[in-house]
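I opened the notebook to record what I looked up, one entry at a time. The entries follow the order in which I checked things.

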Amino acid sequence: MATESTLSPPAPLDLGRMEMEAKETAKKHIANLLQRPEQLERVDQYKRRISRKKASVDTMLKTAVQSQLDGVRTGLNQLQSALQDVYEIKQRLGEVDDAYKSISPLHTKLMDLKKENTRYCQLASAMENLKHIFTAPEIVRKTEELISEGKLLQAHKHLSDLEQSRDDLMFELYKQPQQSPTDNNTLEKYFRDVINLSEQLGKQLWVIIQRTLMSVRREPTLIVTALRIIEREERTDEFYLKRKAQTGFIPPGRPKKWREKCFSILEESICSRIEGNQFEDRSINKMWLVRHLEVTRQLMLEDLKVVKQMLPPIFPPQYNIVKKYVQMYHRALASHFQEMIQQGLEGNEIVTLLQWVGIYNSPELMRHPALDFDTKEYGPLLENSAIDELQNQYLKTMKLNIMEWTKNSLTQDQKDWYKEEHPDADGDGYYSTSLPVIIFQMMEQNLQVAQMIGEDMVKKVIELFTDELSHYAKEYKGAIQSYRDRHLQDRSEPKFYLHYMIANTNNCISFGEYMTQLRKRYFKEELDNKDEFCIRKDRFQTLTDEFNRIGSFGANCILEEVFIDLKNIKCFEELMTKQWQQSSHPVEVICATWNDYSVDFVHLKPVFHTIVVEEGQRKVLQEYLKALLSKKLSFKTYEERKIAAEKICKESEQMGALFHKYTNKTEDMFQVLPMLAEVLRLRDSSMMSLELT
């Protein structure tokens with residue numbers, strides 16, 4: 001519907017209606033202007049204003065109409081001219097068509113002329129290259145001399161002329177409708193030395209390119225000459241590639257791609273330079289990789305400084321030689337490291353490689369103030385998977401080493417337990433063996449090595465240590481258990497059993513303290529954020545608790561030695577007997593024995609010394625109470641009970657004073673004995689059972 005309304009002819013203008021609407025509008029306008037009496041005085045003024053406005057509108061309308069009329073007139077004139085041109089073109093095309101029909105037989109008549117023209121072009125090309133054709137052997141010989149003399153630009157000029165002559169002749173043959181393989185073979189055979197010359201010249205260029213970093217400091221013109229020849233060949237390659245796209249013809253040996261070959265030679269020289277500074281292997285020197293990587297770092301610094309400062313003025317800008325050189329070095333290093341990994345690295349060699357990779361993007365190498373290269377766009381030197389594999393391999397090797405070291409250390413330490421001399425004492429007089437020191441030194445050395453790789457590696461190594469020390473703790477306890485069992489079979493051997501048991505008990509304190517140091521040194525921030533329960537349950541605290549339990553076992557073995565002696569003397573059996581009533585021998589033996597052993601107990605560290613004293617006090621009291629409640633002695637009279645009660649109180653004070661001398665605690669366990677003695681003091685014996693209960 002909208003299309004029909006658009007295409008329908010416009011409605012004729014209704015002038016009468018428009019005039020009536022204009023009058024109505026004018027009336028309203030005048031009514032608005034003359035609403036007050038005083039406005040009648042300005043009627044003339046309103047008239048003049050409206051007259052001027054009307055005159056202005058009339059002028060604008062006349063101008064618009066005149067402009068439209070001029071445009072219509074011009075358009076009509078152009079249409080008339082175009083119509084005449086169309087008639088003329090039609091007439092001329094008819095004439096051309098008639099002329100073409102009349103000359104079509106000329107194609108047949110001029111065929112011979114076309115063949116003659118082709119033959120003429122071939123002869124013209126042959127004439128143009130005649131000099132080179134006849135003098136080709138001489139030019140080849142001359143070019144070889146120039147190459148051997150190092151006059152490469154002149155040699156390349158002669159080579160280019162020979163190639164141009166050959167290529168032009170071959171192109172003319174290619175254009176023939178019926179190509180002759182014989183002619184092509186003849187030309188290729190005649191110019192076969194040209195390809196050899198090109199290869200000879202290329203070899204000279206590649207020698208120069210290979211020695212770029214050396215030549216740029218001594219004779220940079222050699223590099224400039226080589227690059228000029230390479231760029232000429234690149235332009236020639238581009239020309240023949242365009243011709244191939246148009247005609248399908250390309251000469252033999254094209255494209256040469258010498259620019260690509262140039263970069264390939266540079267990269268090969270970099271690879272050779274990296275591999276060439278490996279002067280030895282692990283069979284000759286265990287530090288071979290450290291030396292190799294350090295020499296590589298120094299060579300890279302020297303080479304890249306030369307590249308950044310001296311190569312940009314010599315190489316064309318489009319080569320972007322600095323960026324390209326850094327990229328080639330990066331690829332060569334990555335390839336070299338991957339090859340070393342495939343061949344197999346051992347122990348600290350892995351650490352050396354990972355440490356070197358870590359400093360690659362540091363001020364020690366690529367971020368050196370004289371270089372400041374960003375290698376992120378080239379990717380990592382070693383993929384994360386390769387780094388993880390190396391780290392796992394290193395941790396696996398370290399685990400085996402730790403197992404071997406700890407086993408050997410424990411074996412050697414066990415031999416020391418049977419020596420005919422006291423164990424070593426520290427500055428405070430506490431006995432210990434060298435075992436904790438050996439283990440700690442081994443751990444510290446490995447942690448220092450791990451720090452060279454990074455913080456993540458340090459944490460992995462610590463986790464490995466704690467796991468292995470957990471297994472070691474079980475072996476250590478087993479060794480102490482075997483030591484005790486062997487001693488109990490013959491208490492005269494080893495001679496210094498008690499002293500080495502004290503030393504091993506003290507060792508457990510040293511192990512626990514070292515675990516605490518490790519936790520504070522490497523995991524302080526993590527542990528600060530944990531609650532008390534988590535800290536108690538972390539692997540460090542768990543291992544510390546394990547060694548504390550071993551230390552407690554050692555303390556029990558020490559106490560066991562004391563009580564075996566007391567039982568052998570049968571002093572506990574004499575308590576609450578007739579002999580006891582008549583003598584204070586049992587308690588005096590107990591005190592004397594404890595005083596005797598206390599001479600050795602002072603070599604225990606305070607934690608376990610306190611445990612030994614308190615546990616000894618508890619066991620003595622336990623044995624005394626057993627004797628007291630065993631009904632071994634019967635009292636017939638009150639006087640006998642009274643004397644026994646007073647003796648118990650006296651011995652309680654005596655034993656309490658004994659143990660108080662060796663502990664700082666004010667609590668006296670033996671205070672329970674006077675309480676029991678009070679029961680014996682009861683006059684009414686019928687009340688004793690109730691009091692005892």
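Predicted model: local features only at pLDDT ≥ 70, side-chain atom pairs only at ≥ 80, totals over all residues.

Arg52 has a relative accessible area of 54%. The cut-off for exposed is over 50%, so Arg52 counts as exposed.

Entry on the nonpolar patch.
I looked next for nonpolar side chains on the surface. Tyr100, Ile103, Leu106, Leu110 and Leu113 form a patch there. Together they have about 510 Å² of accessible area. I took Leu106 as my example and found it in helix 4, residues 106-109. The relative accessible area of Leu106 is 38%. Exposed would need over 50% and buried would need under 20%, so Leu106 is partly exposed.

Side chains of opposite charge can pair when their charged atoms come close. I looked up how many such pairs there are, and the count is 34 salt bridges.

Glu280 lies in the loop between helix 12 (258-276) and helix 13 (288-310), while Arg291 is in helix 13, so the pair ties together parts that are 11 residues apart in sequence. Are the two partners buried or partly exposed? Glu280 is at 14% relative accessibility and counts as buried. Arg291 is at 43% and counts as partly exposed.

For the second pair, I looked at Glu560 and Arg484. They form a salt bridge whose closest N and O atoms are 2.7 Å apart. This pair links distant parts of the chain, with Glu560 in helix 22 (residues 539-569) and Arg484 in helix 18 (residues 455-489), 76 residues apart. I checked the accessibility of both partners. Glu560 is at 22% and counts as partly exposed. Arg484 has a relative accessible area of 17% and is buried. The cut-off for buried is under 20%, so I put Arg484 on the buried side and Glu560 on the partly exposed side.

Arg491 is partly exposed, at a relative accessible area of 28%.

Glu163, Glu233, Asp237, Arg254 and Lys256 are linked in it by salt bridges.

Entry on the backbone around Pro255.
The bond from Arg254 to Pro255 is cis, with omega near -5 degrees. I placed Pro255 in the loop between helix 11 (220-247) and helix 12. Lys257 is found in the loop between helix 11 and helix 12 too. Phi of Lys257 is near 55 degrees, which is positive in a residue other than glycine. Lys257 counts as partly exposed, at 45% relative accessibility.

Entry on other backbone points.
I noted another cis peptide bond, from Glu493 to Pro494, with omega near -15 degrees. Where is Pro494 found? I found it in the loop between helix 18 and helix 19. I also noted Lys570, which has a positive phi of about 65 degrees although it is not a glycine. Lys570 is in the loop between helix 22 and helix 23 (571-574). Its relative accessible area is 45%, and it is partly exposed.

Entry on Thr544.
I finished with a residue in helix 22, Thr544. Is Thr544 buried or exposed? At 8% relative accessibility, Thr544 counts as buried. I then looked up what Thr544 touches, not counting residues up to four places away in sequence, and found Gly512, Met515 and Thr516.

How values were computed: Residues numbered from 1 in each chain as written. Heavy atoms only, no water. Patch = residues over 30% accessible without salt bridge, like charges linked within 9 Å, V, L, I, M, F, W, Y side chains within 5 Å. Areas by Shrake-Rupley, 256 points an atom, 1.4 Å probe, with all protein chains shown as cover. Salt bridge = Lys/Arg side-chain N within 4 Å of Asp/Glu carboxyl O. Helix = DSSP H or I, 4+ residues; strand = E, 2+ residues; numbered from the N terminus. Buried < 20%, exposed > 50% of the residue type's maximum accessible area, 1.4 Å probe, protein only. Contact = heavy atoms within 4.5 Å.
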